[in-house]
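Please load the model in a viewer and keep the selection panel at hand.

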Amino acid sequence: MSNSDFQWHVGDCHLSANNGPLLMGILNVTPDSFSDGGQHDGVAAAVQHAMQLVEDGANIIDVGGESTRPGAAKVSEAEELRRIVPVITEIAVKSDVVISIDTTKSEVARQAIEAGATIVNDISGLTFDPEMVSLCAEKRVAVCAMHIQGTPQTMQHEPTYQDVVSEVTDILQQHLDTCVSAGIELERLCIDPGIGFGKSAQQNVLLMQAIPSMKNILKRPLLIGHSRKRFLSKLLGRDVEERLAGTIGVSIALAENQADVLRIHDVAAVRDAIIAWQAVRMTADNRASQSKNGHVQ
């Protein structure tokens, strides 16, 4: 199975990972996100960072106004709207980049769509707000449905599974079925196993190793959000500001495992790493083919 087996219909575009995974640049307009909280406060700073992400190679800009790090405090609908609407509006004026809204609230999603977003990226798999599924169906937006065990406030309190891959796959299938039953076209749906959202470090690794089998079962593009996350500390013993190399290493493994979308902070670094990996991988593949056909000098 190749990355190009599944397309994601976003607005009038058909996104596909024909040339390696798509890059979703993270734009947190929050004071308390785990890695970059407070760095993009204010519309001007946020939009400037979005434009830099686009220049760096982002295919999608994912705008979030509420932190979902472990233990994060909830944010009111009004505050989330205050943070994200003017930023999305300005990005849509300045660029034709695809814009995603990272929210679990249907009214936030509605106003973000009106401002220019064409993807709803919901960590709850459209389950926290009972109006979210019908809104996405009504607006005919693309959707990324994620798996989470618990809530951001409780999810890392000893997450437990008998078989993390099969259980997460089953829940994602339920999300897909619910969305399709509500009138959301299957082609507009993407799935996310929720790295760091109610999983241990080892469970995160198992899910990332299982990407090909999950895609084979669910038949949809698969998004992974691993950037700078806590499981890298378990693997590397690094603090959050020292996780770039680990993020890049995992990104290459995810590309090899046929992930379709990578949600990342450091777009330029990951883009360059994937381009270099592709060049060497393709050379090796071509050499093997030539050797088989007797063409190597």
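Predicted model: local features only at pLDDT ≥ 70, side-chain atom pairs only at ≥ 80, totals over all residues.

Residues are numbered from 1 along each chain as its sequence is written, and side-chain values use heavy atoms, with hydrogens and water left out.

Select the open sheet of eight strands, whose order is E8-E7-E6-E5-E4-E3-E10-E9, with parallel pairing. Its edge strands, each pairing on one side only, are E8 (189–192) and E9 (223–224). Strands are DSSP runs of at least two residues, helices (H or I) runs of at least four, numbered from the N terminus; two strands pair if DSSP finds at least two bridges between them.

Next, select residues 98–102 and 119–122: these are strands E5 and E6, which pair in the parallel sense over three bridges. Ser100 has Ile119 in E6 as its bridge partner.

Move to helix H9 (residues 244–256) and select Thr247 within it. Thr247 is buried, with a relative accessible area of 0% (buried means under 20%, with a 1.4 Å probe and protein chains only). A polar atom of the Thr247 side chain lies 2.9 Å from the backbone oxygen of Arg243. Not counting residues up to four places away in sequence, Thr247 touches His226, Ser227, Arg228 and Leu232 (heavy atoms within 4.5 Å).

Finally, select Glu66, Lys74, Thr104, Lys105 and Phe128, the closest to the centre of the second largest pocket among its 18 lining residues.

Methods
1 Å grid on protein atoms, 1.4 Å probe; cavity = no way out; pocket = protein on both sides within 12 Å on 5 of 7 lines; lining within 4 Å. Buried < 20%, exposed > 50% of the residue type's maximum accessible area, 1.4 Å probe, protein only. Polar contact = N/O pair within 3.5 Å; in protein donor to acceptor, adjacent residues only side chain to side chain.
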